[in-house]
Amino acid sequence: MIETSARLLKLLTLLQSPRDWTGAELAQKLEVSPRTVRTDIERLRALGYPVDATRGSVGGYRLGAGGTLPPLLLDDDEAVAVVVGLRKAAGVAGVEEMSLRALTKLEQVLPSRLRRRVNALASYTVQVPPDVEGPQVDPELLTQLAGLCRDREQLRFDYSAHGGESTLRRVEPHRLVNWGRRWYLVAFDLERQDWRTFRVDRVQPRIPTGPRFGPRELPEDGDVAAYVSRRVSAAAWRYQASVVVQRSAADLAAHLTPAAGTVEPLDDSSCLFETGADSVQSLAVHLGLLDADFVVRDGPPELTDYLQRLAERYRRATSS
């Protein structure tokens, strides 16, 4: 019985690799007869593992997707990666409870050697907390939207704007983007004939979904994260500023992340930088890190006052 159990675990490990195995190959790996392989395959199926089989010269066995989730086999590195990912996901709005339940189950069965690795990662890793707490997002809604993106099915939904008014939208959903503690749906709005970004927590889908649609060229040359970053960050900033930077647009853009703001060329050696932050202190420090001369063309008075105080503070710091 012990030999049979060990053999079944080894067989399951082989079947989880992304390839087809012939009966002869499995028999050779397990050092048993093809008949024993067929018997073990039936045992796995009885335990709930959906083992698919195809006939022919290129046929074989592989682990398929079933209606229920059977036990999974993870190697050491995979187990550590899953635990770390679950611990991080436990702080994401909308999936905390499910992540904590899964994390508890997995940590209960971790061997001591792996538990030490995971605890070391947790003890010596610092995560910057988000500035604001995000809204609750229904995980079932995320799954539904991801399925529509995958299957390319149109979606009708009621969307609540920031001011509270609700509108009916009809879109072609393409991608879900996670930004901190918020989720966004990138979709092509069929009424406005343009790309739009929607906060998932404000989406209320209508059933049934619409017909299938063909692929479209995604915005920002396919860089959906950059597309969302440019639109979401500007809306979230408390303080915004337009700054003329003595640096070429291409050079400055290569120095920045997409979330930092937008860059427009003025001439070969200067550009207009539209940026912002949640505080004037953060905005001033961010501008100082550009490593170039700049002039604030348009911005809040608090920013100008703080830059003057900061300049005087730096002057005093170097006067000796």
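Author: R315 and E312 form a salt bridge, and their closest N and O atoms are 2.5 Å apart. A salt bridge here is a side-chain nitrogen of Lys or Arg within 4 Å of a carboxyl oxygen of Asp or Glu. Side chains of opposite charge can pair when their charged atoms come close. The two residues are three apart in helix α11 (residues 301-318), so about one helical turn separates R315 from E312. Helices (H or I, at least four residues) and strands (E, at least two) are DSSP runs, numbered from the N terminus. R315 is partly exposed, with a relative accessible area of 47%, and E312 is also partly exposed, at 32%. On this scale, buried means under 20% relative accessible area, exposed means over 50%, and partly exposed is in between (1.4 Å probe, protein chains only).

The model is predicted, with local features needing pLDDT of at least 70 and side-chain atom pairs counting only at pLDDT 80 or more, while totals for chains, interfaces and linings use all residues. Residues are numbered from 1 along each chain as its sequence is written, and side-chain values use heavy atoms, with hydrogens and water left out.

The salt-bridge count comes to 17. One of these pairs D189 with R169, where the closest N and O atoms are 3.1 Å apart. D189 belongs to strand β5 (residues 182-189) and R169 to strand β4 (residues 166-179), so the pair ties together parts that are 20 residues apart in sequence. D189 is buried, at 0% relative accessible area, and R169 is buried as well, at 9%. D189 also forms a salt bridge with R192, at 3.2 Å between the closest N and O atoms. R192 is partly exposed, at 40% relative accessibility.

Now the rings. There are four aromatic pairs in the structure. Rings of Phe, Tyr and Trp (its six-membered ring) pair if their centres lie within 6.5 Å; planes under 30 degrees apart count as stacked, over 60 as edge-to-face and the rest as tilted. F157 and F198 make an edge-to-face pair, 5.2 Å centre to centre with 85° between the planes. F157 is in strand β3 (residues 155-160) and F198 in strand β6 (residues 194-199), so this pair ties together parts that are 41 residues apart in sequence. F157 and F198 are both buried. Y159 and F198 have ring centres 5.1 Å apart and planes at 80°, so their pair is edge-to-face too. Y159 lies in strand β3 and F198 in strand β6, so here the parts tied together are 39 residues apart in sequence. Y159 counts as buried at 10% relative accessibility, and F198 has a relative accessible area of 2%. Ring pairs link F157, Y159 and F198 into a cluster.

A charge can also meet a ring. The charged end of R216 sits over the ring of F188, 3.7 Å from the ring centre; this requires NZ of Lys or CZ of Arg within 6 Å of the centre and within 35 degrees of the ring normal.

As for the setting, the chain has 11 helices and 11 strands. Buried residues make up 35% of its 320 residues.
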